[in-house]
Amino acid sequence: MFSKFTSILQHAVEALAPSLPLQEDFVYHWKAITHYYIETSDDKAPVTDTNIPSHLEQMLDILVQEENERESGETGPCMEYLLHHKILETLYTLGKADCPPGMKQQVLAFYTKLLGRIRQPLLPHINVHRPVQKLIRLCGEVLATPTENEEIQFLCIVCAKLKQDPYLVNFFLENKLKAMASKGPASVITEDMLKGQESLTTDTGQPIQTEEIPTAAGAEQMEKEDDLPQQAENLSFSLDELNVTSSSESSTVRLNQDYNLVNSLLNLTKSPDGRIAVKACEGLMLLVSLPEPAAAKCLTQSTCLCELLTDRLATLYRALPPSLDPLDIETVEAINWGLDSYSHKEDASAFPGKRALISFLSWFDYCDQLIKEAQKTAAVAMAKAVRDRFFVDVMEPQLMQTSEIGILTSTALLHRIVRQVTSDVLLQEMVYFILGEHREPETLTDINRHPLRHRLIEHCDHISDEISIMTLRMFEHLLQKPNEHILYNLVLRNLEERNYMEYKPLCQEDKDVVENGQIAGAVDLEEDPLFTDLSPDNTLSAQEWLSASPPVSPEHPKNDGKTEVHKIVNSFLCLVPDEAKSSYHVEGTGYDTYLRDAHRQFRDYCAICLRWEWPGSPRSLEKCNLEASFFEGHFLKVLFERMGRILDQPYDVNLQVTSVLSKLSLFPHPHIHEYLLDPYVNLASGCRSLFSVIVRVVGDLMVRIQRIPDFTPKLLLVRKRLLGLEPEGPIIDHMTLLEGVIVLEEFCKELAAIAFVKYHASSTP
């Protein structure tokens, strides 16, 4: 009580006294603080019961006022005094001793405000960055302390200053040898030391040596630190004193650098106070983005950052219930790290495990954003750590298990993080994890070279329809990611040599035919028995095509070697026989409805693939190895087999299979276009294409139609029910086949629209 009265009285006196020059006023407040330690006998009274906080605040105000009164960049006498007399060093020692109790908070607040409110760069000064570095070491030592809030505020202002001037980070990369030696005995503040501080600062004006204001042993330790480079060079202390082994590896580690700013932030990310943890994550985000190579190397090699990221991912993943509903995993709201506050009571759509799922996805989002913002070498190191320590060690065993519930949950989680990832570097490592790094053509004998890839592709044709659909959806989203290796590994590497084609050198007669707009050896599908019964409503007239197709130009003549697009489109539109069609009975379900979607999606795919520098035309057959046996690859093999069973599979499976195939068809690579969308390609013996697979399905369909009475009315009723135009009624016989026919018809229209859009885009000058 008496001390508070004294404080009030002092403020009153200061207000009435004539104003002193700023420097004298500044020195007065600093002397008042040092006098406290000389005169006080009660070192257990909290700092808030003293005048120290008031004096520190006054010193800050004077420094800010001085800077405002001077030209930009000019250092005033008060700042010179603070730097020259190592006031920050003294305050650091007082904060470390926490004498009086609560002093550490006051010192942290003073440093934070000083760095935040003073505009001129302070960190380059050795008498600033050295005590700042020491104070950093005190942060995060113990969690849930009363100083935690001040610690994180201080660390974040240092991070912000380094973000403004990245080169300053080199001041904060300490030699581990130096860090060990600087750990002196506990600080003890003595009256003699503070008297020496007062006499030095007031009489001689020379800088005081107060790295630690403590006992003689502490002062001696401070002097040792100044001579550390020479000590390290002379190896003046033994390995036993350093408490390390004598191996060459340990010696290397011992001489590495420490990044205490990162270490302190890493400790605070474990704080039970969520706000502190989020602020620590923000600080790390600033540090990883610094462009300095030395800092990036130290960040990944000399700190536990990679371990923290991956260990927490693993812990949160293992905390998930083993049987989460895939729909819940997919539909849980978008997660942004730091914003995963969740109240079970306030959530109307709560489900068991939602809190754990949000925590996992939130931390994964943080890792993704951290890697996205990080300096290149740091990003690569962190992404590799996530792959090795989380994807391979934790997720892969779950994906490779045999329990159907476990497979479904783990695949749904993989699908979710495939959708969520935005960092190119982390995406690359995820792709290598899922697909492997192989780029040579596949063979039937080596499709198991990358076990996880093989297992996931096999799951696309799993006995469980749920697992098949989920795995297909995962691949569908994977294909839409901006990574060239995905499509190359799954499809393109097997089409490079174009050995799915039968090559016949053209004779002169064939060349004349090609020049007249026909392709040598091509089968005219309109003369095929499957397509003799064509309705005029299902084909496009020559006039319609003249208006729809791009005009012929000198740069893009009609006889440029491409099959005429109207023949390709009509080939797909006419694949399904009239008696198996139902769309023309329902308004708004024509082929043209797919054109707009195809145009938008193709434009998006072109934007993704632009930087991959794909060729504009197929590789010359003369340069291809057509003698090599053709294998479409494991992925297309499974998709084609699924497509071949479209009449006998559930409706949802068919939708997903055709969706993946249509996404593949949209890619603007000439070999994909030729193999998936050109019905007139001359297939080599024993090879199949998407078109030939559909032709076989249609042949089977025409036989089976004859065995089903009232086929067309039933087909129309099923379509109307699927569209919601008819209420659900009695079960219809052959429902699976009827739904399969509808999907087949729609898929053919979609392929026709994609072929037309791609041709139009490639023909436009």
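Student: How do the axes of α24 and helix α31 (residues 634-644) lie, and at roughly what angle do they cross?

Tutor: Helices here are DSSP runs of H or I with at least four residues, numbered from the N terminus. Axes are lines fitted to C-alpha atoms, for helices over the stretch in contact, with angles from 0 to 180 degrees between N-to-C directions. Angles under 35 degrees count as roughly parallel, and α24 and α31 are therefore roughly parallel to each other. Their axes come within 9 Å and cross at roughly 10 degrees.

Student: Before we go on, what kind of model is this?

Tutor: Residues are numbered from 1 along each chain as its sequence is written, and side-chain values use heavy atoms, without hydrogens and water. Local features need pLDDT of at least 70, side-chain atom pairs count only at pLDDT 80 or more, and totals for chains, interfaces and linings use all residues, for this is a predicted model.

Student: Now for α23: how many of its twelve residues are buried?

Tutor: Helix α23 covers residues 424-435 and reaches 16 Å from its first C-alpha to its last. Buried means under 20% relative accessible area (1.4 Å probe, protein chains only). Among the buried residues are Leu426, Glu429 and Phe433, and α23 is mostly covered, with a buried count of nine.

Student: Which residue just after α23 takes a positive phi?

Tutor: Let's step past the end of α23, at residue 435. A positive phi of about 85 degrees is taken there by glycine 436.

Student: What kind of aromatic pair do tyrosine 500 and phenylalanine 630 form?

Tutor: Rings of Phe, Tyr and Trp (its six-membered ring) pair if their centres lie within 6.5 Å; planes under 30 degrees apart count as stacked, over 60 as edge-to-face and the rest as tilted. By this rule there are 18 aromatic pairs. The centres of tyrosine 500 and phenylalanine 630 are 5.6 Å apart and their planes stand at 70 degrees, so the pair is edge-to-face.

Student: How many residues apart in sequence are tyrosine 500 and tyrosine 675?

Tutor: Their ring centres are 5.0 Å apart with planes at 50 degrees, so this pair is tilted. Tyrosine 500 lies in the loop between α26 and α27 and tyrosine 675 in helix α33 (residues 670-677), so the pair ties together parts whose separation in residues is 175.

Technical notes:
Helix = DSSP H or I, 4+ residues; strand = E, 2+ residues; numbered from the N terminus. Expected span 1.5 Å × (residues − 1). Buried < 20%, exposed > 50% of the residue type's maximum accessible area, 1.4 Å probe, protein only. Parallel < 35°, antiparallel > 145°, perpendicular 65-115°, else oblique.
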